Amino acid sequence: MSTAPIVVHAPSPTGGRRVTVRGEILGLAHRDEDVVEFLRRAGLSEAQDLLDDPAWVTWRGSRPHRYEAA
């Protein structure tokens, strides 16, 4: 099991992916820019650099950076 604090969950049936930090829901992202904005609001100013770092982000249920409907 991953210990990364940020999880980008599987795409929803209508598109978009839920984003959580340590279990707290930040929102539903439809693109990487949404994830970055959620993380910026949570206090991570260098969020863009974290998206491909598995120590920080776990992508579940689909390939990273894909937000199409499941």
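His65 counts as partly exposed at 29% relative accessibility, where partly exposed covers the range between buried, under 20% relative accessible area, and exposed, over 50% (1.4 Å probe, protein chains only). This residue is found in the segment after β4, and it has a positive phi of about 70 degrees although it is not a glycine. The model is a predicted one, in which local features need pLDDT of at least 70 and side-chain atom pairs count only at pLDDT 80 or more, while totals for chains, interfaces and linings use all residues. Residues are numbered from 1 along each chain as its sequence is written, and side-chain values use heavy atoms, with hydrogens and water left out.

A second residue other than glycine with a positive phi is Arg22, whose value is near 50 degrees. Arg22 is found in the loop between β2 and β3 (24–29) and counts as exposed at 72% relative accessibility. As background, most residues other than glycine have a negative phi.

The strands and the helix named here are DSSP runs numbered from the N terminus, with helices (H or I) of at least four residues and strands (E) of at least two. Four strands form an open sheet in the order β3-β2-β1-β4, with mixed pairing. Because β3 and β4 stand at the edges, each with a single partner strand, one side of each is left without a neighbour in the sheet. The twist averages 20 degrees from one strand to the next, with axes taken as lines fitted to C-alpha atoms, for helices over the stretch in contact, and angles running from 0 to 180 degrees between N-to-C directions.

Two strands are taken to pair if DSSP finds at least two bridges between them, and the pairings are as follows.

| Strand pair | Sense | Bridges | Facing residues |
|---|---|---|---|
| β1 (residues 6–11) and β2 (residues 17–21) | antiparallel | four bridges | Pro11 and Arg17 |
| β2 and β3 | antiparallel | five bridges | Thr20 and Ile25 |

Strand β1 is mostly covered, since five of its six residues are buried. Helix α1 (residues 32–41) lies across β1, β2, β3 and β4 and runs at about 150 degrees to β3. The buried residues of α1 are Asp32, Asp34, Val35, Val36, Phe38 and Leu39, and these buried residues pack against β1, β2, β3 and β4, contact being defined as heavy atoms within 4.5 Å.

Rings of Phe, Tyr and Trp (its six-membered ring) are said to pair if their centres lie within 6.5 Å, with planes under 30 degrees apart counted as stacked, over 60 as edge-to-face and the rest as tilted. By this rule the count comes to one aromatic pair. The rings of Trp59 and Tyr67 have their centres 6.3 Å apart and their planes at 75 degrees, so this pair is edge-to-face. Trp59 counts as buried at 15% relative accessibility, and Tyr67 is also buried, with a relative accessible area of 9%.
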